[in-house]
Each structure stands twice: as C-alpha cells, then as structure tokens.
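Subject: Structure for your files

Hello,

Here is the structure to look over.

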Amino acid sequence: MTVMHSDPIPLPDMPREQRPSVAERFTQILDVFASGPDRMFLEEITAATGLPRSTVFRLLTQLVDLHWVEHDSRGYGPGLRMQTMARPRDYSQLRAAAAGMLNDLQIGTGGVAHLTVLEGSSVYFLDRIGGAASAGIPSQVATRLPAESTVSGRALLAGLEPERVDALMTAGPHVRSRADLSALHERLNRVRQRQGLAFVPGHSCPMSISAVAAPVVGPDGVVGAISVACRGTVELAHIAPMVWAAARRTSQVLTPGRSGSTARTRLSHRTRVGVAN
C-alpha cells in the first residue's frame, strides 16, 4: 500500500482579536480623563476602558509616578502634565464670584487688582483691573509666570501640602534644585503662618512694585488668589486687610454657608506685614 503525501493546503487567515498595545492601553486610560469627570475611582476607570482591573491599576500607578495622573482620597484625576496639555478649564464660576471684589479692591487701593489660578508650576492670570495704575504694572491677562516668583503664586502654593509643592516644582521643564526647594518651603511656611497672606514691599522688588495676595478657597481647597500690585513703596499694612477681605468674600460666594478656618473673614491684627516673603 502506497501512502501519498500532498502539500498542505493553505487555510485562509482566521480573524482573531488582537491584544491592545501598551501605548493603546495608556491612551484608553488618558482618554477617560480627557472626557470624564475630574475625579474617578479605579472601578469607574476599569468600567470605562473595558480593560482588566489589574491592568488598569498597574498602568495608573505608572501614570501617577510620571505625573500624568494624580491620586488622592477622592480617586484619580488629571496630573500635572495633563493639566498643562488637556482641555481648557472652566473658571467662569470663580471669575463671576471675584468680579465685584476686584472692582472694589481696585477702587479702594488705587492699584491693579488680579485674579490668578495655579496651573502646574505656573500662575495663570485670569482677570486684571487696573484703572489709572495699569500703565505702571506690566501684568497681562492670559499670561503665565513661575508660581514661586509671584505673591499670587506663593499664596496659592502655601495652600498645598509640601509634598504636592515638591511634585509641582520637580515636574516639567524647569526643575528646581534642592536649595531652591528648601528656600521656597521656608517662604511658604511664613505665608501659612499669616493665614495664606503673601506680599512683597516695593523696596524688595527690582521693578519697585509692592504687592499683596491672599488665597480664594473653594469646596476642595485653594482654587485661586486675589492680589493687588502698586508702583513704588506703599503702606502694605493698610492694603493687606483689604486684599484679605476680598479673597474671603469671594470664598464665601463660592462656598455659601461654610464656616471654620477656610472661611475666616478677618485678618489677625498680629499678622506682621513688612518683610518680603
């Protein structure tokens, strides 16, 4: 009996489900933050991506380490890198709450009143009301400055945990040295001792600009800062309580009925104003 051998007959390619690449899985997770709520828990991200829970947890851990995602008791949210690249934030509620305060502050002090927010390690100028003083103060709306170099930035940074400040200052293209971070933390501690009030007298500024800033507090912490800048040396002890009161009133508009340390409406008379911080 002769056994005949024939060449194997090629079979058509069978469709099979391909496993997403690592890049595709990272993209799936980042897309959830780009279009979803600001904070989500692991189970919600897992359901939204359709990926295995263990895979989502592992990838999220890597994204947190790289500052694309941040994690706290409220879940996961956009990290520092995403915040500087992702969708524009809606500051309409903050701007509406502060509008009247900025006008009153500009009239009462004769300086330039600002509303700023923290974006990454930079201060972003949302609003500016200057009147006759505008020409002497070189600030502009929709511009960014390094947070640690401005009174508004220091008022905003002082509202964060030190570890969060370190993460902000060491992420991105402008990495600060250990000495810079140590000096910054000393300044922020002084700001915290003054209940968030930051200032610089005109004689300490190369442009002879005196400035005072105070934090605006929302439901989840500091969300912005109100400041006043004046050309030359001015009586900061007179301006500081006005800036403080404007920031507190704005905070109360954002969080009506809230009481406690985050809604204090009076600056302590023991708060010393006179040394740059």
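How do α7 and α8 lie to each other? Helix α7 (residues 162-170) packs on helix α8 (residues 178-193) at an angle of about 135 degrees, and their axes are 11 Å apart. The two helices are therefore oblique to each other. Angles under 35 degrees count as roughly parallel, over 145 as roughly antiparallel, 65 to 115 as roughly perpendicular, and the rest as oblique.

Before the rest, the basis: this is a predicted model, in which local features need pLDDT of at least 70 and side-chain atom pairs count only at pLDDT 80 or more, while totals for chains, interfaces and linings use all residues. Residues are numbered from 1 along each chain as its sequence is written, and side-chain values use heavy atoms, with hydrogens and water left out.

Helices (H or I, at least four residues) and strands (E, at least two) are DSSP runs numbered from the N terminus. Axes are lines fitted to C-alpha atoms, for helices over the stretch in contact, and angles run from 0 to 180 degrees between N-to-C directions.

α7 and α8

P162, V165, D166, M169 and T170 of α7 touch L181, L184, H185, L188 and R192 of α8, where contact means heavy atoms within 4.5 Å. This contact has 6 nonpolar, 2 polar and 2 charged residues. Ala, Val, Leu, Ile, Met, Phe, Trp, Tyr, Cys and Pro count as nonpolar, Asp, Glu, Lys and Arg as charged, and the others, Gly among them, as polar.

α2 and α3

Helix α2 (residues 42-49) packs on helix α3 (residues 53-65) at about 115 degrees, with axes 9 Å apart. That makes α2 roughly perpendicular to α3. The crossing is right-handed. On the α2 side the contact is made by L42, E43, I45, T46 and T49, and on the α3 side by R53, V56, F57 and L60. By class, the contact has 5 nonpolar, 2 polar and 2 charged residues.

α5 and α9

For helix α5 (residues 92-109) and helix α9 (residues 236-254), the angle is about 160 degrees and the axes are 9 Å apart. That makes α5 roughly antiparallel to α9. Their crossing is right-handed. Residues of α5 in the contact include L94, A98 and L105, and those of α9 include M242, A246 and V253. The contact has 11 nonpolar, 4 polar and 1 charged residues.

Regards

Definitions and conventions:
Left-handed = near helix turned anticlockwise from the far one by under 90°.
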